[in-house]
Amino acid sequence: MASSLVTPTDGPRRLRSWQALATAAQSAREVHLRELFAADPDRGLRLRVTGGGLELDYAKQRVTDAIVADLVALSEEAGLPERRDAMFTGARINTSEQRSVLHVALRMPRGRALIVDGVDVVGQVHGVLDRMGRFANAVRSGAHRGYTGKTIRNVINIGIGGSDLGPVMVDGALSAFRNPDLRLRFVSNVDADAILDATRDLDPAETLIIVSSKTFTTRETMTNAHTARSWLVAGIGDEAAVAHHVVAVSTNADGVRAFGIDPDNMFGFWDWVGGRYSLDSAIGLSTMIAIGPDRFAELLGGFHSMDDHFRAAPAAVNLPVLMGVLAVWNRNFLGAGTTAVLPYSQHLHRFPAYLQQLTMESNGKHVTASGQPVDYDTGAIYWGEPGTNGQHSFYQLLHQGTTLVPADLIGILQPTEPVGDHQDFLLANLVAQAEALAFGRTAQELRDEGVDEALVAHKLMPGNRPTSVIFAERLTPATLGALVALYEHSVFVQSVIWGIDAFDQWGVELGKKLATAIADEITRPVEPDLGHDSSTNALIRRIRQARA
């Protein structure tokens, strides 16, 4: 199946359903959510769906039943069912790199078979998972010790992009499930302060370092890795310690061996795993060490439950499909260029940052999958912070600013550790914000409340800000897996409608290439001939002056 190629459309504007939505949007922009609820009082009971252990309430989105039907029709007319099947069966839907896209294989159950280019990739996945499990258990039990015989108490994960954002986000989200005897640190920034801060209070003899780089050549990661290696060797006093304290998530066996890492402690993954889709691959080794192989299996199970829901549920009650088409509606028909993700959970404080890479690296494209320029908007800007913190900073703009910002509010119904009335008040804030964003406060309501006429304009809240509310019963490994997969598939749905390739990321390459050349120009003993523009040349010379 992997040899087949499914090519998306070169743009959705020609589709009948797109044209119907464009017509509907002309009047929908003038209709307030107050009017939608007045005309359909039960929409709050009807516009809600469940799947994969999650609940989605989209009643406060600015849509009618007819608009939702046209949005679903748009996804189908754009070829979503076929593209979805192509992804799950290993077709090379990453067209610019001619690769399969099989992060869904990373969480398929043992015994399931998926043959790609003559190889059972699910069997390969579980082979790596088994090796990861044995190593994680050895670290957790104390069977794997440091060079001097000390127990491993600290784990430093060194990576960047998907090799960092996923593990960092999961570490925060699942902190209640972490082995309390282990401290995890994460280093991604090439700024030396990052690696220095991560190591300064640790004992090298009690520290395990995980270097996550598929090629083992990523400049930022390897710069940090070599600094960590020097710290380790200096602290222990023997080069041989590297083999006991450093492991690799990579496919470059020669590079790993040259670094001093035992190749038996190298955990690989495949070119059909994009970095932003890799937290459930060997990139999750630090996660598995922290929460244990059994909990990691629960995380994979949560991913898989949402995969099954996305693949099997009818579009009208399919969470990823609905979230994807609503994102397209807000972006292309209501003109919203940004989306806020607002988790009412401190443990999900890094989830918006994780979604920034997932969404913007995937759908921040200006050409279709066949290379034709788009003449419509693609990926929105995603951002956010946890509630209730954001309510005391940027929510002012959400309520009264001139920019329309749709928002996803994520709530956990049962606290991990109940403390007083904290959770009740937290969730009350979530519900209140969704209500306030939707309905606002009219001038007449303010007058009826006795507000001075001079302040009415200042206190008026326009409302009509679209929101979706996502509820989960508890924040468990399975819940987190389902939540991440929900957004993964929503991003995919959007990309299919827009006809773009969500799985390449050529936009990150140019800056990296230029940085390599400029780094050489900065550090060369004699100033080289600088062939850049006058601003860039001046910046390079200023840095050289500071170094001198």
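Begin by selecting helix H17 (residues 422–439), which supplies the largest share of the lining of the second largest pocket, namely five residues; helices here are DSSP runs of H or I with at least four residues, numbered from the N terminus. This is a predicted model, in which local features need pLDDT of at least 70 and side-chain atom pairs count only at pLDDT 80 or more, while totals for chains, interfaces and linings use all residues. Residues are numbered from 1 along each chain as its sequence is written, and side-chain values use heavy atoms, with hydrogens and water left out.

The second largest pocket has a volume of about 470 Å³. Next select Ser345, Gln346, Pro415, Gln423 and Leu426, which are the closest to its centre of the 20 residues that line the second largest pocket.

Move on to Ile160, Thr218, Val508, Glu509 and Lys512, which lie nearest the centre of the largest pocket among its 46 lining residues.

Finally, select asparagine 537 in helix H22 (residues 534–547). Is asparagine 537 buried or exposed? At 10% relative accessibility, asparagine 537 counts as buried, a term that means under 20% relative accessible area with a 1.4 Å probe and protein chains only. Its side chain reaches the backbone oxygen of histidine 532 at 3.0 Å.

Note on methods
Helix = DSSP H or I, 4+ residues; strand = E, 2+ residues; numbered from the N terminus. Buried < 20%, exposed > 50% of the residue type's maximum accessible area, 1.4 Å probe, protein only. Polar contact = N/O pair within 3.5 Å; in protein donor to acceptor, adjacent residues only side chain to side chain. 1 Å grid on protein atoms, 1.4 Å probe; cavity = no way out; pocket = protein on both sides within 12 Å on 5 of 7 lines; lining within 4 Å. Points joined across faces, edges and corners; volume = space filled by probe spheres on them.
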